[in-house]
Amino acid sequence: MANMPMIRAALRQATTIPRRPGNATATFAAGRFAPACAQQLQQRWVHAGRKTEAPEAPAHLPHVQHFRLSQVPHPLRAKPHEQIDPSRLEKDETPIVNLMQNHIWSAQDIQERLSNLYQHRPQSFSDKCMHGIMYALYRSFNWLTGFKPQNTPVKAVEWRLIVLESFAGVPGFMAAMFRHFRSLRLLKRDHGWIHTLLEEAENERMHLLVCMKMFKAGYVTRLLVLAAQVFMTPWLGLLYAVHPRSVHRFVGYLEETACLTYANIIHQVQTPGT
């Protein structure tokens with residue numbers, strides 16, 4: 001987390017400076033930064049998948065719970081005490097509500113998924129078409145960027161991640177646009193699909209910005225990103241207007257290749273000599 005050095009410094013300042021009368025610096029630091037520090041530390045501990053309680057904070061710091069355990073109302077009713085009785089929902093609403101409740105990943109969950117990556121087997125004709133197109137693009141891009149299962153050049157990883165994430169952020173936003181216009185045309189609710197798709201697009205954009213903290217995009221990389229948007233966005237838009245399910249399946253296969261890519265990169269980073 002980028003702001004952790006500032007948080008640690010503020011926490012040290014808030015807890016070590018004596019709070020004497022007239023010590024405005026200590027009062028300001030403890031009063032303004034201490035609650036934020038406690039919240040950040042508590043959230044990092046819970047998100048790390050720890051089963052025990054977080055280390056005790058200084059006495060003057062408030063105890064901060066994970067947001068799902070607090071009683072503050074959540075707009076998506078994602079907290080355990082806000083779960084809706086399925087009998088009160090409409091028939092087409094239950095699966096969408098489940099999709100809107102994001103899973104909190106523990107270290108054990110991540111290791112289990114990395115050791116057994118799920119791959120969907122095409123069933124229908126459209127599934128087979130999307131599977132063939134996606135994996136043809138996958139192999140072509142591997143050859144173009146020089147990405148290999150072992151000893152991958154750093155430049156190949158840079159190209160792969162930047163182009164992958166810049167392209168992966170397109171379908172979700174485009175599908176949300178179509179769903180938004182559809183809801184307006186039909187004068188009907190969308191049951192959360194628009195929010196879910198926009199959240200997916202934003203998630204991929206955040207992945208891209210994280211990559212940009214480590215890599216710098218040259219002219220060739222920027223040209224690849226531009227080409228991916230110029231050629232793939234109209235094709236995906238036309239396909240979504242005709243057969244939305246095919247685009248969703250295409251994105252599913254895209255995420256499979258992304259999981260394979262990141263699992264391979266993690267394996268290479270953790271393997272000595274690579």
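Start with helix 7 and helix 9: their crossing is left-handed. The model you have open is predicted.

**Stop 1: helix 7 and helix 9**

Select residues 193–214 for helix 7 and residues 244–270 for helix 9. The two axes come within 14 Å. They cross at roughly 30°. Angles under 35 degrees count as roughly parallel, so helix 7 is roughly parallel to helix 9.

Now show the side chains where they meet. On helix 7, pick W193, L197, E200, E204 and C211. Their partners on helix 9 are H248, E255 and Y262.

Stay on helix 7 and select E202. Is E202 buried, partly exposed or exposed? It is partly exposed, at 35% relative accessibility. In sequence, E202 and F173 are 29 residues apart. In space, the distance is 8.3 Å from C-alpha to C-alpha.

**Stop 2: helix 5 and helix 6**

Move to helix 5, residues 125–145, and helix 6, residues 154–186. Their axes are 9 Å apart, and the helices pack at an angle of about 140°. An angle over 145 degrees would count as roughly antiparallel, so this pair is oblique instead. The crossing of helix 5 and helix 6 is right-handed.

Which residues make the contact? From helix 5, select Y138, F141, N142, L144 and T145. From helix 6, select A156, W159, R160 and V163.

R160 lies over the face of F147. The distance to the ring centre is 4.8 Å.

**Stop 3: the aromatic pairs**

How many aromatic pairs does a search of the whole structure find? It finds three.

Begin with Y135 and Y138. Y135 has 8% relative accessibility and counts as buried. Y138 has 16% and also counts as buried.

Go on to F178 and Y240. F178 belongs to helix 6, and Y240 to helix 8, residues 219–242. The pair therefore ties together parts that are 62 residues apart in sequence.

Are F178 and Y240 buried or partly exposed? F178 is partly exposed, with a relative accessible area of 25%. Y240 is buried, at 6% relative accessibility.

**Stop 4: the whole chain**

Clear the selection and zoom out. Colour the chain by secondary structure. There are nine helices and zero strands. From the N terminus on, the elements run α-α-α-α-α-α-α-α-α.

Next, colour by burial. The chain has 274 residues, and buried residues make up 35% of them.

Last, look at how the chain comes together. Take the contacts between residues at least 6 apart in sequence. Of these, 67% join residues at least 24 apart.

Definitions and conventions
Residues are numbered from 1 along each chain as its sequence is written. This is a predicted model: local features need pLDDT of at least 70, side-chain atom pairs count only at pLDDT 80 or more; totals for chains, interfaces and linings use all residues. Side-chain values use heavy atoms; hydrogens and water are left out. Rings of Phe, Tyr and Trp (its six-membered ring) pair if their centres lie within 6.5 Å; planes under 30 degrees apart count as stacked, over 60 as edge-to-face and the rest as tilted. Helices (H or I, at least four residues) and strands (E, at least two) are DSSP runs, numbered from the N terminus. Buried means under 20% relative accessible area, exposed over 50%, partly exposed in between (1.4 Å probe, protein chains only). A charge sits over a ring if NZ of Lys or CZ of Arg is within 6 Å of the ring centre and within 35 degrees of the ring normal. Axes are lines fitted to C-alpha atoms, for helices over the stretch in contact, and angles run from 0 to 180 degrees between N-to-C directions. Angles under 35 degrees count as roughly parallel, over 145 as roughly antiparallel, 65 to 115 as roughly perpendicular and the rest as oblique. A crossing is left-handed if the near helix is turned anticlockwise from the far one by less than a right angle, and right-handed if clockwise. Contact means heavy atoms within 4.5 Å.
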